[in-house]
Every structure is written in structure tokens, then in C-alpha cells.
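Dear colleague,

I am handing over the structure we spoke about, and below it I have set down what was found in it. Please read the notes with the coordinates open beside them.

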Amino acid sequence: MSGFRIFGIALAVLGVVAATFPTWFGPLTGGPEPPVDVFEAVERRVRGGMLLGVGLCFIAITALRPWSTSITTAIFYFMAGALAARVLGLLVDGTVPKQWLLVAVEAVVMALAAGWLWRCSGSAR
């Protein structure tokens with residue numbers, strides 16, 4: 001196992017913990033004081049989810065070339081981490097209509113990245 005994968009696993013675990021318990025990571029998630037509304041509470045979890053996404057990128061990307069697949073893979077996994085934390089926040093903290101809009105945007109970006117990766121892997125045969 002390479003050093004990048006071990007670093008990615010450590011970041012992913014830290015991201016899961018930060019998304020689950022955002023008050024433990026005040027400087028990373030936005031301060032130790034309680035959030036002012038439900039939107040901010042969910043956004044604090046998303047910051048931990050972004051760290052999860054970066055960790056997933058380090059785990060998934062083994063080579064930077066070709067750029068068309070490595071950048072798309074990074075976008076896909078970064079959005080996957082943010083989306084997982086956002087959905088967790090919506091389940092735990094409550095719902096806000098603007099958060100559902102952001103869920104839709106992240107899902108569309110992930111679908112576009114997945115389509116690009118599928119297209120690239122299909123032409124390699």
C-alpha cells in the first residue's frame with residue numbers, strides 16, 4: 001500500500017468523524033459556537049465531507065495521467081464526500097429547501113463526471 005493511499009485513508013476517516021461530529025473540529029467546520037440556523041448546521045457537516053472527498057481522491061487516483069480521467073475522478077469523489085455529508089446533515093439536523101437544491105447540483109455534477117468516466121473507459125477497449 002502506497003503512502004498516498006494511507007494518507008487518503010487517514011483523511012477519509014478524519015472527514016467522516018468531522019462530518020459526524022462537527023463540534024469537535026471547530027476551526028475546520030466553522031467554530032465551536034452552535035450554528036445559528038439549520039442551513040449553517042448542515043454546512044458545517046459538509047466541510048467535513050469535503051475532507052472525506054479529498055481522502056477518497058487520494059485513495060482512488062493512482063496516476064495523474066491521463067488528465068481526463070484523473071481530474072474527473074477527483075471531481076466525482078470530492079462531490080461524493082460533500083454529498084454524503086450533506087445528506088447526513090439533512091437527516092440529522094433537518095431540512096432546508098436550499099440544501100435540497102445543493103443536493104441536486106452535486107448529484108448532477110457527479111452524474112456528469114460518472115458519464116465522462118464511463119465514456120472514457122468504454123473507448124479504451
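Which residues make the nonpolar surface patch of about 430 Å²? The patch is made by Met1, Ile6, Ile9 and Val13, and valine 13 has its place in helix H1, which covers residues 3-20. Please bear in mind throughout that this is a predicted model.

Helix H1 also holds phenylalanine 7, which is partly exposed, because its relative accessible area of 42% lies between the limits of 20% and 50%. From phenylalanine 7 to phenylalanine 39 the separation is 32 residues in sequence and 31 Å in space, taken from C-alpha to C-alpha.

Turning to the helix packing, helix H3 (residues 38-60) and helix H4 (residues 67-93) have axes that come within 6 Å and cross at roughly 150°. The crossing in which H3 passes H4 is right-handed, and the residues of this contact divide into 18 nonpolar, five polar and four charged.

As to charged pairs, the structure holds five salt bridges, and I describe some of them here. One of them joins the side chains of arginine 86 and glutamate 43, at 2.7 Å from N to O; this pair links distant parts of the chain, with arginine 86 in helix H4 and glutamate 43 in helix H3, 43 residues apart. Arginine 86 counts as buried, since its relative accessibility is 4% and the cut-off is under 20%, and glutamate 43 is likewise buried, with a relative accessible area of 17%.

Another salt bridge brings together the side chains of aspartate 93 and arginine 45, at 2.8 Å from N to O. Here too distant parts of the chain are linked, with aspartate 93 in helix H4 and arginine 45 in helix H3, 48 residues apart.

Notes. Residues numbered from 1 in each chain as written. Predicted model: local features only at pLDDT ≥ 70, side-chain atom pairs only at ≥ 80, totals over all residues. Heavy atoms only, no water. Patch = residues over 30% accessible without salt bridge, like charges linked within 9 Å, V, L, I, M, F, W, Y side chains within 5 Å. Areas by Shrake-Rupley, 256 points an atom, 1.4 Å probe, with all protein chains shown as cover. Salt bridge = Lys/Arg side-chain N within 4 Å of Asp/Glu carboxyl O. Helix = DSSP H or I, 4+ residues; strand = E, 2+ residues; numbered from the N terminus. Axes fitted to C-alpha atoms, helices over the stretch in contact; angles between N-to-C directions. Left-handed = near helix turned anticlockwise from the far one by under 90°. Nonpolar A, V, L, I, M, F, W, Y, C, P; charged D, E, K, R; others polar. Buried < 20%, exposed > 50% of the residue type's maximum accessible area, 1.4 Å probe, protein only.
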